[in-house]
Amino acid sequence: MLKLHFKDNRQPAVWVTEKLYSIGSSHDNQLTIQDQSLDPVHAKLVLEDGKYVLKDNNSTSGCFINGQRITQKEILPGDIVRLGKIELIVLDPRKLNDDEPMQSAPWRLVSDSSWLPGKTFIIMPERTVVIGRTDQCDITIPGTHLSRRHTELKIQGSNLLVKDLGSSNGTFLNEKQVTEAVAQNGDRLRLDVYTFRLVAPDVDGNKTRIRASIDSISKPVERKQASNEPKRFKTRPTSPGNRTEPTYEESSPSSWKWLLIGVTVLGVLALIASKFLW
């Protein structure tokens with residue numbers, strides 16, 4: 001999870017919780033920024049293998065991370081992201097101020113029914129969220145099965161408060177009809193034929209990856225001092241230069257003894273043979 005803070009404070013900080021997060025000047029984006037320097041769909045944040053990657057959408061004024069223009073690159077807490085003239089600071093959830101607790105992160109309402117396949121709604125902590133079929137609701141679902149103002153959701157500490165607003169077809173939490181109840185992470189909310197999975201924010205700061213600082217990257221490597229002693233080259237024991245060939249002086253005395261005995265025996269045999277021949 002990441003949190004994007006506007007450097008000029010033009011808009012409230014934004015939690016990035018979805019796998020695909022589009023940014024631009026169009027109202028169709030998850031993050032809409034009204035500025036002439038931004039294209040309608042300027043960039044996208046994509047969650048890939050647990051990493052958020054900023055991808056430029058062939059924008060006119062470009063995307064920058066820490067002053068370097070990018071086509072796509074992972075963003076990490078501490079980075080400065082510039083889209084056109086807008087600068088965003090990527091905050092580290094582990095270093096938020098005490099007056100901005102991690103519980104202020106948004107909950108998600110993820111549709112798991114065939115009526116709204118893959119649709120995700122963000123439950124912001126600042127105010128109560130009303131679900132219904134009219135345009136006056138915070139989350140509008142134009143279905144005849146829903147009442148005009150069907151259900152109310154409100155973040156309460158680390159939980160989510162679910163309240164039925166007198167709907168015709170009822171509000172169900174884990175298939176139990178409720179008037180008012182406290183929902184936990186993973187609970188299933190059903191509004192007649194529409195079902196949603198409630199997903200609590202991931203507040204585990206230990207999972208946050210931080211970009212390595214420049215000082216740690218450019219730390220000089222300690223080099224060994226050159227020695228004035230003469231170099232000694234090591235050779236393998238099997239190399240010819242490392243072998244010691246025996247000389248005659250180094251030969252064993254016993255080998256000469258047996259050689260003389262052999263010559264003497266041959267001489268005696270030669271004499272005996274010559275007597276018989278004569």
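For these notes, buried means under 20% relative accessible area, exposed over 50%, and partly exposed in between, with a 1.4 Å probe and protein chains only.

**Entry 1: ground rules**

I am working on a predicted model, in which local features need pLDDT of at least 70 and side-chain atom pairs count only at pLDDT 80 or more, while totals for chains, interfaces and linings use all residues. Residues are numbered from 1 along each chain as its sequence is written, and side-chain values use heavy atoms, with hydrogens and water left out.

**Entry 2: the chain as a whole**

I looked up the secondary structure and found 2 helices and 22 strands in the chain. These are DSSP runs numbered from the N terminus, helices being H or I with at least four residues and strands E with at least two. The chain has 278 residues, and 36% of them are buried.

I then took the total surface. Accessible areas here come from the Shrake-Rupley method with a 1.4 Å probe; for residues, only the protein chains shown count as cover.

For contacts (heavy atoms within 4.5 Å), I considered pairs at least 6 apart in sequence. Of these, 37% join residues at least 24 apart.

Asn174 sits in the loop between strand S18 (171-173) and strand S19 (176-178). With 43% relative accessibility, Asn174 is partly exposed.

Asp49 also has a positive phi, near 55°. I placed Asp49 in the loop between S5 and strand S6 (51-56). The relative accessible area of Asp49 is 80%, so Asp49 counts as exposed.

**Entry 3: salt bridges**

I counted salt bridges, each being a side-chain nitrogen of Lys or Arg within 4 Å of a carboxyl oxygen of Asp or Glu. The structure has 6 of them.

Which residues are linked with Arg10 in a network of salt bridges? Asp8 and Asp35 are, so I read the three as a network of salt bridges. Between Asp8 and Arg10 the closest N and O atoms are 2.9 Å apart. Asp8 is partly exposed at 47% relative accessibility, and Arg10 is partly exposed at 38%. Between Arg10 and Asp35 the closest N and O atoms are 3.3 Å apart. Arg10 lies in the loop between strand S1 (2-6) and strand S2 (14-16) and Asp35 in the loop between strand S4 (31-32) and strand S5 (43-48), so this pair ties together parts 25 residues apart in sequence. Asp35 counts as buried, at 19% relative accessibility.

I also checked Arg188 and Asp112, whose side chains form a salt bridge at 2.6 Å, N to O. This pair links distant parts of the chain, 76 residues apart: Arg188 is in strand S21 (residues 188-191), and Asp112 is in the loop between strand S12 (107-111) and strand S13 (120-123). Arg188 is partly exposed at 34%, and Asp112 is partly exposed at 35%.

**Entry 4: cysteines**

How many disulfides does the rule give? I used a pair of cysteine sulfur atoms within 2.5 Å as the criterion, and the count is 0. I looked up two cysteines for burial. Cys63 is buried at 0% relative accessible area, and Cys137 is buried at 8%.

**Entry 5: Val90**

I found Val90 in strand S11 (residues 86-91). Buried or exposed, where does Val90 fall? Val90 counts as buried, at 2% relative accessibility. Leaving out residues up to four places away in sequence, Val90 touches Leu2, Lys3, Leu4, Ile75, Leu76, Pro77, Gly78, Asp79 and Val81.

**Entry 6: a nonpolar surface patch**

I listed a nonpolar patch on the surface made of Trp258, Ile261, Val265, Leu266, Val268, Leu269 and Ile272, with about 710 Å² of accessible area together. Patches are made of residues with over 30% relative accessible area and no salt bridge; like charges are joined within 9 Å, and nonpolar side chains (Val, Leu, Ile, Met, Phe, Trp, Tyr) within 5 Å. I followed up on Val268, which is in helix H2 (residues 253-277). Val268 is partly exposed, at 44% relative accessible area.
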